[in-house]
Amino acid sequence: MSKLTNRYALHKLYPFLKKINALQEKMASLSDDDLQKQMHIFKEEVHSGTPLDALLVPVYACVREAAKRILGMFPYDEQVLAAIALHQGHIIEMKTGEGKTLVATMPLALNALSGKSTILVTSNDYLAKRDATEMGRLYHFLGFTVGIGVPEDASQQLSAEEKKIIYSRDIVYTTHGVLAFDYLLENLVTRKEERYLRPFSYIVIDEVDSVLLDAATMPLVISGAPRVQSNLYESADYFVSSLRKDIDYKLEDREVFLTEKGLDAAERFFGVENLYQREYFEILRHIMLSLRAHTLFLKDRDYVVGDHKVSLLDQRSGRIFESTKLKSGLHQAIEAKEHCPITDDARAMASITYQAFFRLFEKMSGMSGAVYNERQELKKVYNLDTIVIPTHKKIARIDAPDLYFGHKEAQMEAAAAFILKRHATGQPLLIVTSSIDDSYAYSRFLLAKGIPHNVLNAYNVAKEAEIIKEAGQKNAVTVATSVAGRGTDIRLGAGVQELGGLCVVGIGRQMNLRSEKQARGRAGRQGDPGYSQFFISIEDDVVDEYGSTKLSKYLKKNQITSSRIIRLINQAQINAETLERTSRREIMEYDRSLSAQRTLIYNMRNRLLDAPSLSIEDVKGLVDNCIDNFVSSSHQDVSRFVLDHLSYHYDGIFDTIKDPDELSKQLKDFAYRLLRQKQDFMQGEFNGYLKTTLLSAIDHLWVEQVDYLEQLRYAIALRQYAQRNIIYMFHQEAYDAFTVMMDKMKEQAVQNMMLGMVISNEADSFRILLP
Ligand code: ADP
Ligand code: MG
């Protein structure tokens with residue numbers, strides 16, 4: 001959207017605003033009681049069929065007035081505009097400090113009137129709890145209940161009962177991670193009473209760039225039992241160590257693949273004819289994992305090794321992920337590379353990408369301080385338009401032009417001089433670094449100068465929020481990585497206005513423009529004065545990794561002023577952004593199969609869970625099918641079939657029947673007789689028994705399928721050279737595997753219900769033992 005179309009999009013919101021403003025006096029004249037009654041009337045109108053759109057104007061006017069009385073904040077016109085856009089299912093870019101928390105209350109209240117699920121997600125627990133609590137009073141006044149989806153402390157697990165209560169609330173605040181996780185977990189329950197979610201209806205995503213873009217490259221996976229340990233990691237590692245770059249394998253766009261030469265070498269090493277045959281899938285997969293471990297993952301950048309253990313590193317914050325491991329064997333491949341003991345690799349039981357997850361909502365919307373840059377992707381993936389909302393007051397912050405340096409020392413020297421000069425005036429400084437190392441380097445510098453300061457690098461979100469809140473006080477110096485303290489309002493302390501407000505010092509080019517905008521936006525909130533200045537160098541991580549090799553010529557230069565070289569430096573960030581987008585798109589492309597299959601399976605599960613009662617009649621098709629398949633197959637071992645599928649007790653009576661029709665009839669009679677016996681024995685519990693046996697078959701096979709698809713992705717990337725359209729191949733393979741799975745699932749279901757045993761306890765309850 002260009003400037004003009006944005007103006008047009010805004011223009012269409014104004015008529016609503018005008019009508020809402022026209023109601024202002026009337027709402028102000030109502031007593032608290034009458035205001036509350038109004039909301040009640042709206043609710044009833046919605047129940048009797050009035051569409052929400054028709055009530056937007058009076059409801060917003062009402063919420064606005066209530067916010068003034070309860071929170072002491074009357075939403076500005078700009079906030080109301082943003083709130084209208086959110087109801088219409090758009091994404092809004094609204095600068096930091098403009099009051100997005102309050103904005104969200106209007107669409108949430110309006111949509112909650114429908115009685116359908118109304119949810120706000122944000123990027124971390126702390127913000128979810130804070131906003132739910134702070135806005136809670138307003139919601140209660142308006143007659144809504146509020147739920148907080150994240151546990152009180154992170155180590156706590158909520159029970160299904162607790163979750164049911166939370167999700168039954170009119171408005172729920174939570175994080176994207178918790179919500180998506182709950183969705184996956186809910187689809188693993190075995191009784192319908194254990195479900196806790198309501199059908200997804202409306203969602204507002206706060207910090208939407210962080211949630212939809214940054215988190216999009218990390219699909220959510222629920223891990224189950226460890227898979228059988230493979231000894232292929234070491235041999236694959238040994239083999240891969242001998243490969244030569246550009247001869248045996250090639251690196252392209254952060255992906256790696258074997259060349260023909262490399263393939264030949266692999267086939268010789270492992271003594272196989274053709275690695276692409278299905279039976280060698282495991283070898284192929286392990287080679288691919290090892291190759292990735294060796295070429296795409298760098299020690300001390302992506303992971304650290306300590307105490308014979310490999311731990312992942314969050315590149316942006318520098319934090320070590322203690323318990324997170326790379327999925328599907330990648331972690332184990334890195335362990336082999338680093339000669340650490342190989343840990344268990346858990347199977348993926350359920351997984352979903354955020355791209356797929358958020359599309360489950362009837363209507364979604366989002367807000368962020370910096371997201372406009374990615375509007376095309378958001379349009380393409382989620383079909384959402386992005387609208388930039390004007391600030392309430394004019395932005396008074398001064399963004400000084402970036403300064404460029406050849407090397408780190410020159411960069412630091414200039415930044416240090418700038419920091420000292422500004423600090424001497426008492427102006428508060430927020431130093432935002434693009435790497436964890438830099439945050440320590442600047443902290444050491446400040447220490448050496450005897451300047452008291454705080455360092456934040458996203459270790460403890462709640463504590464950091466408290467610290468960063470104070471970053472606007474006179475003389476304050478705060479060093480933070482770009483993600484630290486996000487969502488926290490930095491107010492200026494006494495006398496700071498006169499000093500020019502908060503000064504943001506950016507150290508190094510960040511991975512994307514959004515992060516830099518977010519960093520600058522920490523200063524100059526709500527028309528405050530403010531200043532921002534970035535110091536860039538050719539040695540910045542992003543330039544080093546994604547910049548042109550031509551830049552190495554200028555490493556010795558101190559300051560760089562040539563616009564040609566500056567353009568070259570800045571190109572690195574554009575390259576990094578492009579790659580990020582590509583990688584998000586790929587994840588989504590791959591997810592298409594899994595997503596479609598997941599929907600089918602989850603629907604099947606839900607139909608089964610919701611079915612009022614099942615009888616023998618309902619499973620007749622399955623049993624008949626299983627027996628017919630057997631009878632029409634060529635290798636017939638009747639006793640094997642009966643023992644594997646129908647009963648553990650078999651005296652051979654069908655072995656001599658030659659006529660297929662007769663055999664089929666006899667086997668079916670036998671099967672139904674056994675089922676009726678079970679029914680007589682279990683009485684009312686038989687229905688539950690059938691459900692359990694079917695569900696268990698679905699889950700068993702589906703978990704295998706999820707795991708297989710996860711692995712397939714890594715294995716298939718190896719074929720990139722041999723085959724052109726690898727994504728097409730992936731989907732073909734995934735589809736074939738699904739067909740096979742469905743057949744196996746039906747067979748497993750019959751085995752379960754026929755061979756399953758029921759043990760009755762003294763307490764008159766039954767326990768089911770599945771084969
Ligand atoms: P954002 O999420 O857009 O960065 P916040 O929602 O954190 O901003 O709000 C920033 C600050 O502005 C908060 O302290 C909030 O109380 C205040 N605020 C928001 N809207 C109003 C308003 N209409 N009137 C007065 N203060 C407001
Ligand atoms: Mg916010």
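Cys503 has 0% relative accessibility and is therefore buried, a label for residues under 20% relative accessible area, with exposed meaning over 50% and partly exposed in between (1.4 Å probe, protein chains only). Cys62 is also buried, at 0% relative accessibility. The structure has zero disulfides, a disulfide being a pair of cysteine sulfur atoms within 2.5 Å.

This is a predicted model, in which local features need pLDDT of at least 70 and side-chain atom pairs count only at pLDDT 80 or more, while totals for chains, interfaces and linings use all residues. Residues are numbered from 1 along each chain as its sequence is written, ligands are numbered from 1 in the order in which they are written, and side-chain values use heavy atoms, without hydrogens and water.

The second largest pocket has a volume of about 950 Å³, the space filled by probe spheres set on its grid points. A pocket here is an open set of points on a 1 Å grid where a 1.4 Å probe fits, with protein on both sides within 12 Å along at least five of seven lines; lining residues have an atom within 4 Å of a point. Its lining comprises 40 residues, with Gly99, Thr101, Arg130, Gly487 and Asp489 nearest the centre. By class, 13 are nonpolar, twelve polar and 15 charged. Helix H8 contributes the most, six residues.

Around ligand 1 there are 17 residues, and Gly97, Lys100, Thr101, Arg491 and Gln526 come nearest; a residue counts if one of its heavy atoms lies within 4 Å. An oxygen atom of ligand 1 is 2.6 Å from a polar backbone atom of Gly97. For Lys100, an N or O atom in the side chain lies 2.9 Å from an oxygen atom of the ligand.

Methods: Helix = DSSP H or I, 4+ residues; strand = E, 2+ residues; numbered from the N terminus. Nonpolar A, V, L, I, M, F, W, Y, C, P; charged D, E, K, R; others polar. Polar contact = N/O pair within 3.5 Å; in protein donor to acceptor, adjacent residues only side chain to side chain.
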